[in-house]
Structure formats: structure tokens, C-alpha cells
Amino acid sequence: MEQPFSLTSEVRGTTLVIATSGYVNNVGGEAIAAEFARHNAAGVRSVVINLGGSKVVNSVGMSFLIEIIERLQDTGGKIFFTNLDPAVEKMLSIMGLFQFAGKAPTVEAALQELAATGGAQ
Amino acid sequence: MTVTALRSGSDDAASLERTFRALSGAGTAAELSARFHGALAARFGARVRIARTAPAGWEMLAGEPGPLPEAECAPGSRAQGETLSVVRQTGDGSRICAVVERPGAGEGDLTALGLFMTVFESALREIVSRRHEKDLIFSLNHRVLQLNSLIDTGIEVSSLECRSPHHVALERAASLTNAARGVLRVTRDGRLLEEVTFPHGSAAGSERGGGRKIGSSFEFGGERYEFTLLDKESRQGEVRFDGTDQLLLDALARQVMASLENRYLHRQALEKQKIEQDIAVAASIQQRILPKTLPRVEGYDIAGINIPSRSVGGDYYDCIPLAGGRLALVIADVAGKGVPAALLVSSFHAYLSAFLEAPVEPAALAARLNNVVVRASTEDKFITAFFAVLDPSSGALETVSAGHNPVFLRTAAGELRELSLGGIPLGMLDMEFPYQSETVTLEKGDRLLLYTDGVTEASDEEDRLYDGASPLREFVSRHLPDRAETFISDLIADVRRFTGSAPQNDDITALYLIRT
């Protein structure tokens, strides 16, 4: 059963890597958005969000993820979601997130792809 | 108010054009307000405030705090001292206002502020429209997601590989309805068997009523499953659950119930399969204790058959060579069928084989078997049996019946006798019962038929018994083939002819001997 939400973050090169655990709902989404905003204000334009520890995402949580995507679109940034549970991947797909965001099996794969496409500054 | 000259029309036109371009790139209302604030500050070089109405009055969008028009102030342009204000009604029912504090502000500034406000209003409307469009798309996608997830969850929880369908359903229900928390309680007679909270460890106890929670429940197998979702979230804070949320929760609860039913039926099928396997093993064991071939005895022709009504039956027969060239003929029928009957037959066979190792008279054999069968069987289980010991050379046949069907002796002279002397069925009474035996002598051409009640009680489609009009006596009297095997196969054919398409209700066993 899903645990309460928590996250960790680190900057790998110029990419913010956020790893979540637990239910991505209002609380979880807000925490992710705040962590992104803090680094975005400092100039970070590429983000990898590892949702491997989150098996459940609700639409409020997704609305925060969409805001991050929109913010990065406005500023020419890029975002990848990784380690997706099949159910979560399908949810994000139906909600249209992958029209504007990438997905990768692992954080390392996402970082490689960002480097290859010049997404990581 | 001091009347000041209007700026040249071309200055304001250029400024308005720059403002229009600047505002067009804004993605949010806050960003738009900040840019508009900058444009007004550049145009008027003064203190500028931009606000919109909110439930509690004006809400500042940009600028330093300061006086604003009355919140109820009607849309329009106003000049009061050095303060210019323009209030506009927006499409969503709220109002926006811009306030400029500029020393020496004049009519021309008020007009210009009105024009700037029109540009802002237009840009804000576009942003609001884009926002609405995005919200609509989001809402539609969410509906698709709910339907899709409902189907996926149904497939997942109905899979036998899904370890805990009720846990999955609780997670999905919370997620699809935006519930912050959920709890599932399983109770039996009001006693809590299991409580699952979502997210794990969230406080399930603090449940408030009203629209703050919804629930759905069902009962299965004497257990009550009660789902409760709490605290529906939105970006604006907690909201009430709606009818769609209730429908989703009810649908997911029904899926769990269907899954539990399927699992129950699957378990039943597996248990049935296991029982059938056990029965097959028991049948295999029982077939081994029945004779594959009968001994060849000079001057006699012997044949037998056993047709179990189920895959394992409770009938038994055998011809066992004894010391001194004698031969034991045995036929037995355990009350009941299936594995319990087969187990008792197996015990009977073991005791019989052991007792026949040493010389024993049929009556004593029946008494000894009665003692052991009483201990080996339950109260409702007993065995009817017929024992005969034949001295082939003299034709002397000593018989004892333990409550079994009479054995027919059809003499070469045409007489039909019934051999039934003996006593009670084996295992019926826990006492030293004095079985009695009788002795006859088989002459050349005499025939002996031992059978179980599967023959006499074979019934047709109208439940009439084969023995009802004594066709067996007739058959035994008149049907006299040369070979014992022929008699057995003809007897079975006659029974089948009589029963027609009616199913076989009991084991059919018969043993036939001809003194040739």
C-alpha cells in the first residue's frame, strides 16, 4: 500500500533530479512544484522526475506536473519522467503529459538523453 | 485636479502597441499583471496598483499597497484629486481595476489609462479563455482516465494473480476521485478482521461526515467490506465529493466483489479437481484389489465383473485359492459409495486376505470379519457379504451370507435355489454374532450366481427396478450359456437393456460359476 509522500532532490550537472515516494496528490504535487520552483529560480532548466516510488498519482498532483511542464516550455527547458509504474505511465499518457515531456526507464537513461539532445545545459 | 495636456497621440499609440506586444506573451494572470504594471509605470511614471475583486474585496495583482476604489464601485473611469482609477467588468463576473497616483494627472491621462486598461482587459480575457480551454481539456482527459482506469482496475482485480484486489481498488478509488485518504474495513459480525488505510499509515480514525467522505460496501461470504474515501482535494482546497465520485467508488467496490466471487469459484474448482484426483487414486487402488483374472479350476468355469457407478465404488469380489485345493468365493457390498466406501473395501480385503492365510470355516470367517469391520467403520457404514468355500473335487460348497442378497443356485435339473443362511451384515452390530452356514453339493451342470444389489436395484427411466418383476430369477433360470463369461456379459446387457438411458446408480458386481 502506498506510503505518505516524500521526496529527495539533487542537481546532477545542470539537471535537477527529483525522486518521489508515495501518493502524488495535492501535498505531493505541491512539494514537487516547490522544489522545481526553487531550482528553476536559480536557473535550472532541465528536470528529471523519478516517480519509481510513487504508484499512485491523482489529477491534482498531475496538475502540478503539468504546470512544471508549461513553465519549462515557456523557458525552453526539458523534463523527463522515469521509473514509471505501468499504471502511472498510462495515467500520464492519457492526461497528455508525454506530448511535452519525455519518459525514460531510469534516471541515467534520461540524463543521457538530455545530454544527447542538448537539454542539459 | 490640475488639467494637463494630453501626450501626443503617436506617443500613446506607440506605447499601447508595445504594451499589447508585452502582454501578449504573458502565460498567467500574475505574469500579465506584472507586465501591465510595468507598462503603466513606464507610461505614467507614477504609483500604480492593479487589483481584481475577490470574495473578501479587492485582491492586489501588482503594485504597492494603497487605496483602491470601493469593491462595489461600478465599472467606469474616475479622477479624484491626483488619483485616477478605471474599473472594468470581466467576462467571468469579477472586476479589475487600475489605480494611478500621479501628481498633475489630467483628463488625457484618464483617457490613456482607459485605453491601456482595454488592452489589459483583452489580454486577460485571452489568458482566462486559454485557462478555461486547458481546464476543459484536462477535465475531459480526466474523465477518459477515470473510465480507462475503471476498466484496467476491473481486469487487474479480477486476475487471480492480483494478491489483494481490495487494496488495489482502494488505491485506485482514492486516486480517481482525488481523495486525500481512504480506508477499507473488513468485518464479520461487527468484529474487525482487517483495516487497510491509504496512504499506508494515514489516520483512518479521524473521519468527518457530510460531503467530506463517501462510502460503499458489500457483503460476501459472511464478511462485510466497507470502503470509505475522505477529504476530496482540489487546487483550491478541500471540496465535496460529487455523484461521479460515488459512482466510481461503487463500481470499484462491485469489481472487488466480483473478484472475490471468482476467487471463491476458482478455489471450489481446484478443490473439486483435487477430490477428483484423490478419487482417481482411490479407484486405481481399488481396481488393484479386484481380481484381474480368476483362477482356473479343473471342472469349473468362473467369470466375474465389477462396474463401479462412480469412479470409485464400494463393491468387492474375489476367488481365492485356499490350502488343500479349496477355493473361496467372496462377494461384498459396502453401504455407500465413493472414497469412504472404497477405504472400507480396502480394509475388508486386507482382513479377509489375512484371515484366509490359515484354515477357517465360512461362519467363523464372517464372525471375525464382523469384529474387525465394526472397529474399522463408522456407525453408518457396514458391509453385506457372501462367503463360499468350494471343494472342487467333491463339489461341496459351504456358504454363509452376512446380510447379502441371496445367491442363486441353478441346478442342472432345472431347480432354482436361494442360498441366504448366515447372519447380519458385517460391522452393523458390535457383538459376537453366531453366523450360520449351509452346505450344498454342486453337480455337473449346476450354476451359481453371486451378485450385489447394483444388479437387482438397477432402475429404468421410470424408477422401476430390474428385480421388480423378478427378471433376474427368470434370466438365471432360462439363460444357460456354455461359458460363465458369456453369462456375465449377457446379464450386463440385459440389465442395460432394462435401464435404457437411465444412469447407473450403484456398483454392479457379479460372479458366476458353472460346474462343467
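This is a predicted model: local features need pLDDT of at least 70, side-chain atom pairs count only at pLDDT 80 or more; totals for chains, interfaces and linings use all residues.
View 1. Chain B has 516 residues, and 35% of them count as buried. As you trace the chain, you can look for 10 helices and 20 strands.

**View 2. Here is the largest nonpolar core, which has 65 residues.** The residues with the most contacts inside this core are B:L329, B:A366, B:I383, B:A385, B:L449, B:L450 and B:A510. Strand β13(B) gives the most to the core, with seven residues. Which residues does B:I383 touch, leaving aside those up to four places away in sequence? They are B:A332, B:D333, B:V334, B:L344, B:F348, B:V373, B:P425, B:L426 and B:G427. Another core lies apart from the largest one; it has 36 residues, including A:F5, A:I18, A:F64 and A:I68.

**View 3. Helix α7 of chain B has a set of buried residues.** This helix covers residues 362-376, so 15 residues in total, and spans 20 Å from its first C-alpha to its last, close to the 21 Å expected at 1.5 Å a residue. Which of its residues are buried? They are B:P362, B:A363, B:L365, B:A366, B:A367, B:L369, B:N370 and B:V373. As you compare their positions, remember that an α-helix has 3.6 residues a turn, so residues three or four places apart point the same way. The cover over the buried residues of α7(B) includes α6 (338-355), β13 (383-391), β14 (396-402) and β17 (422-423) of chain B.

**View 4. Five strands of chain B form an open, antiparallel sheet.** Follow the strands in the order β10-β20-β19-β15-β16. At the edges stand β10 (300-307) and β16 (416-419) of chain B, each with a single partner strand, so one side of each is left without a neighbour in the sheet. From one strand to the next, the twist averages 15°. Take a closer look at β10(B) and β20 (residues 508-515) of chain B: eight bridges pair them in the antiparallel sense. Which residue of β20(B) is the bridge partner of B:A303? The partner is B:Y512.

**View 5. Chain A has an open sheet of five strands with mixed pairing.** The strand order here is β1-β2-β3-β4-β5. Strands β1 (6-12) and β5 (102-104) of chain A are at the edges with a single partner strand each, so one side of each has no neighbour in the sheet. On average, neighbouring strands are turned by 20° against each other, direction ignored. Strand β4 (residues 78-82) of chain A runs parallel to β5(A), and three bridges join them. Within this stretch, A:F80 stands opposite A:G102 in β5(A). Helix α2 (residues 59-74) of chain A lies across β3 (46-53) and β4 of chain A, at about 145° to β4(A).

**View 6. This is where chain B touches chain A.** The contact takes 21 residues from chain B and 20 residues from chain A. On the side of chain B, the elements that give two or more residues are α3 (107-158), α4 (165-177) and β7 (191-198). Helix α3(B) gives the most, with six residues. By class, this side of chain B has seven nonpolar, 11 polar and three charged residues.

Technical notes
Residues are numbered from 1 along each chain as its sequence is written. Chains are lettered from A and ligands numbered from 1 in the order in which they are written. Helices (H or I, at least four residues) and strands (E, at least two) are DSSP runs, numbered from the N terminus. A residue is buried if 20 or more other C-beta atoms lie within 10 Å of its own, exposed if 12 or fewer, and partly exposed in between; C-beta atoms are placed from the backbone. Two residues are in contact if their C-beta atoms, placed from the backbone, lie within 7 Å. Ala, Val, Leu, Ile, Met, Phe, Trp, Tyr, Cys and Pro count as nonpolar, Asp, Glu, Lys and Arg as charged, and the others, Gly among them, as polar. A nonpolar core is a set of buried Ala, Val, Leu, Ile, Met, Phe, Trp, Tyr and Cys residues joined through C-beta atoms within 7 Å. Two strands pair if DSSP finds at least two bridges between them. Axes are lines fitted to C-alpha atoms, for helices over the stretch in contact, and angles run from 0 to 180 degrees between N-to-C directions.
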